[in-house]
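Colleague: I'd like to go through this model with you before we discuss it with the others. Could you bring it up?

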Amino acid sequence: MNPRYFFIAIATAGLLIASISTGKSKADAAAWPNKPSTQGGSPSDMRQPRDEKLWKRALEIQRKAIVIDTHNDVTTPMANDDYDLSGTPPTPYRTSIERMKQGGLSAEFFSLYIKPWYVEHGGAARRTLDMIDSVYRAVERHPNDLMFATSVADIRRAKKQGKIAALMGIEGGHAIENSLPTLREFYRLGVRYMTLTWNNTNDWADAGRGEKKHNGLSDFGKEVVREMNRLGMLVDVSHVSDKTMSDALDISKAPIFASHSSARALSNVPRNVPDDLLQRIAKSGGVVQVNFYSVFVDTNTVSPQSAERDARLKAQQAAIDEKYKGDPERRGEESDKLEAANPLPPLPISKLIDHIDHIVKVAGIDHVGLGADFDGANDMPEGAQDVSMLPNITYELLKRGYSEQDIRKILGENFLRVFAEAERVSRSMSKTISGDGSVRRIDR
Ligand SMILES: [Zn+2]
């Protein structure tokens, strides 16, 4: 996620980086005062004049389509600072109701990102509950704009009513504190996907950047996946190791999905999905939702810049780490602000579209979507830096000759198909939430 962690991960190859993670970084949308928008300005590339006819068509498609983003980390300031989604986001955040409307967004998955700190210090499940509450509060505050949603039918209903569907996904399987009953409680509260790990390996699944402890999924990890299938909770393989991903593909009865990952063939980082696994995800009927974070889009260009910045900010970062060592949330916020004040030069948006193209070529048009990671990752390509800019993606896809039907698949229909299949599998396995669910818990 954060380039700083990426380099630390390289430097300490094989070592756990969880303990030094200060949180995920946020970017400063305000750093791009000439940001393209649906109101005017150039949609994608400041150097090229906009094709007005194509732009009009892009906006029309955006208006009609169901547009879904499957990963947004604005939930963290919502939970920490009671950040309200109305009005202009305070630096460094970039998500608001207004911007979601400008982007033509139909459904947002609010990420319940649980820092690894809570594994060491306790309280991971409580932190998850606090974050769930922040999503409920946002919906209660803005009943005319947001609708609490837990199903495909809810998302389509919200679209008809002109509201944005608000859904939730857990990021980091350590949130369930090794308890299948706790997993079920989160489902009951409305959580509809769980990323099996974050960057930290947990007690039952190996992470892409974590220690390789379980050779993928442990026996309990396999039970977690089966229980998620039974409940109708999507199995998210962003962040996990390749072996964990492969195990999940072997075990899951429902299609596998990556909520915010890009293509490793174009940007060689462990967080991206390699071609063989892209193909297996497609074979499962699943979908990979492309992440906009610049390092995941083009590590060759961005990682050296990012390393240079990390070196430049090292002393300031160390001071933040020291000052807030007992308060991971505040430490994360301050780190985000520091990075936001020092943005990297943005990539052209075409680099991001290349990932969509690549996944289409390798996995097929039915297996790619959008999981931007707004307010979870810092630097993003020009014209894709906040949720209001999503029509630029549609415009760029039109420029490359994608049909309206194919664009609508990418914007949301592919994800809806996967979600509907997970619902169908769940119905075929069980009639009740408790059902014959295992009460298994494991100790650390
Ligand atoms: Zn993430």
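Colleague: How many helices and strands are there in the protein?

Modeller: There are 18 helices and 9 strands in the protein, and please keep in mind that this is a predicted model. Of its 444 residues, 56% count as buried, and among the contacts with a separation of 6 or more, residues 24 or more positions apart account for 76%.

Colleague: Which residues have the most contacts inside the largest nonpolar core?

Modeller: That core has 116 residues, and those with the most contacts inside it are L112, A165, A166, V235, L278 and V288. Helix α18, residues 404-429, gives the most to this core, with 7 residues.

Colleague: Take A166, then. What is A166 in contact with, leaving aside its neighbours within four places in sequence?

Modeller: Its contacts are E108, F110, V135, A138, V139, L146, M147, F148 and A149. One of these, F110, belongs to β2, where it stands opposite N72.

Colleague: And which way do β1 and β2 run, parallel or antiparallel?

Modeller: They run parallel, joined by 3 bridges.

Colleague: Changing topic to α7, which of its residues are buried?

Modeller: In α7, which covers residues 152-160, V152, I155 and A158 are buried. They cover an arc of only 125 degrees around the axis, which puts them on the same side of α7, while A153 and K160 are exposed on the other side.

Colleague: Why would residues spaced like that point the same way?

Modeller: An α-helix has 3.6 residues a turn, so residues three or four places apart point the same way.

Colleague: What covers the buried residues of α7?

Modeller: The cover includes β2 (107-113), β3 (146-148), β4 (164-171) and α18. As for what comes next in the chain, α7 is followed by G162, whose phi is positive, near 70 degrees.

Colleague: Now α16: what should its span be, and how far apart are its end C-alpha atoms?

Modeller: Helix α16 has 15 residues, 349-363, and at 1.5 Å a residue these should span 21 Å; the end C-alpha atoms are 22 Å apart, which agrees. Its buried residues are I349, L352, I353, H355, I356, I359 and A363, and they cover an arc of only 140 degrees around the axis, which puts them on the same side of α16.

Colleague: Which elements do those buried residues pack against?

Modeller: They pack against α11 (275-283), β8 (287-290), α12 (294-297), β9 (368-370), α17 (391-399) and α18. Just after α16, G364 takes a positive phi of about 110 degrees.

Technical notes:
Residues numbered from 1 in each chain as written. Predicted model: local features only at pLDDT ≥ 70, side-chain atom pairs only at ≥ 80, totals over all residues. Core = buried A, V, L, I, M, F, W, Y, C linked by C-beta atoms within 7 Å. Buried ≥ 20, exposed ≤ 12 C-beta atoms within 10 Å, placed from the backbone. Helix = DSSP H or I, 4+ residues; strand = E, 2+ residues; numbered from the N terminus. Contact = placed C-beta atoms within 7 Å. Expected span 1.5 Å × (residues − 1). Arc of directions from axis to C-beta. Pairing = 2+ DSSP bridges.
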